[in-house]
Structure formats: C-alpha cells, structure tokens
Amino acid sequence: MLNTIVRLSEALLLRLLPAHGRHRPADAPPAVPQVEAPTLVLPRVRRMRPDLMPLRGEDSPLVRPYVLTTQERQERWLQRGRRRALWFAVHGIDAGPRWIHGVEVTG
C-alpha cells in the first residue's frame, strides 16, 4: 500500500510541479530562445516653458484637509451632538437640546 501512495503522489507532483532548469528531463522539449526587442530611444528635449515649470513650494499654499480650523471643529462638534440627540430620541431616550430656537425646553 505504501508503494502505491508513493507512486501516486510522485505522479501527481510531476504533473503539478514540472521540472525546470538543468534538472529538466532529457525528453522535454528544448527551450525557445527569446529574442530581445530593440529599445526605442527618444530624443531628450531640454526646453523649459514658463507654463511647464515645476511648482515651487512658496507658490502654492499648504492644503491639508485633515487639519480643521477652530470654527470647523466647533461646527462638527455641534453637528455630532445633534446627531447623537436624534439617535437617542429615536430610541426613546430624552437627551435632546435644552434650548430649541431660543426657547428653553422643559420636560
């Protein structure tokens, strides 16, 4: 039984992982020589136009979208509070704002 398992696994490995390189069996077809394609050489253009000049760091303002101004941060904080109050209201918890349109809500 052991020889059968060895022969089956050996045949399977030869099918899945064929030999390559100098260990290739003698009856394998010869490797096809690869011909390198000629490389296309483009002429370099050394002309600089003002509209194609690279940007200088001093000419462009730094824009970092992840940095918020104080006003943007406060607006987002207020919006988050309103959304949280709405979520609580949907689930039956009264945690809403105490002032709505300038009128104090008592309840």
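The legends below describe close-up views of a predicted protein model.

**View 1. Overall fold of the predicted model.** The protein contains two helices and two strands (DSSP runs numbered from the N terminus, with H or I over at least four residues for helices and E over at least two for strands). Along the sequence the pattern reads α-α-β-β. Of the 107 residues, 1% are buried (under 20% relative accessible area; exposed is over 50% and partly exposed in between, with a 1.4 Å probe and protein chains only). The accessible surface is about 11,700 Å², with 61% of it belonging to carbon and sulfur atoms (Shrake-Rupley method, 1.4 Å probe; for residues, only the protein chains shown count as cover). Residues are numbered from 1 along each chain as its sequence is written, and side-chain values use heavy atoms, without hydrogens and water. In this predicted model, local features need pLDDT of at least 70 and side-chain atom pairs count only at pLDDT 80 or more, while totals for chains, interfaces and linings use all residues.

**View 2. Confidence along the chain.** Mean pLDDT (the predictor's confidence in each residue, from 0 to 100) is 77 for the protein, and 74% of its residues reach 70 or more. Confidence is lowest in strand S1 (residues 99-100), with a mean of 72, and highest in H2, at 89.

View 3. Helix H1 spans residues 2-16 and includes Leu12. Its 15 residues reach 21 Å from first to last C-alpha, close to the 21 Å expected at 1.5 Å a residue (1.5 Å times one less than the number of residues). Leu12, Leu13, Leu16 and Leu17 make a nonpolar surface patch of about 440 Å². Patches consist of residues with over 30% relative accessible area and no salt bridge, joined within 9 Å for like charges and within 5 Å for nonpolar side chains (Val, Leu, Ile, Met, Phe, Trp, Tyr); a salt bridge is a side-chain nitrogen of Lys or Arg within 4 Å of a carboxyl oxygen of Asp or Glu.

**View 4. Helix H2 around Arg82.** The end C-alpha atoms of H2 are 30 Å apart, which agrees with the 30 Å that its 21 residues should span at 1.5 Å a residue. Arg82 lies in this helix, residues 70-90, and counts as partly exposed because its relative accessibility is 48%. The side chains of Arg82 and Gln79 are joined by a polar contact of 2.5 Å (a pair of N or O atoms within 3.5 Å; within protein, one must be able to donate a hydrogen and the other to accept it, and residues adjacent in sequence count only if both atoms are side-chain atoms). After H2 comes Gly92, with a positive phi near 85°.
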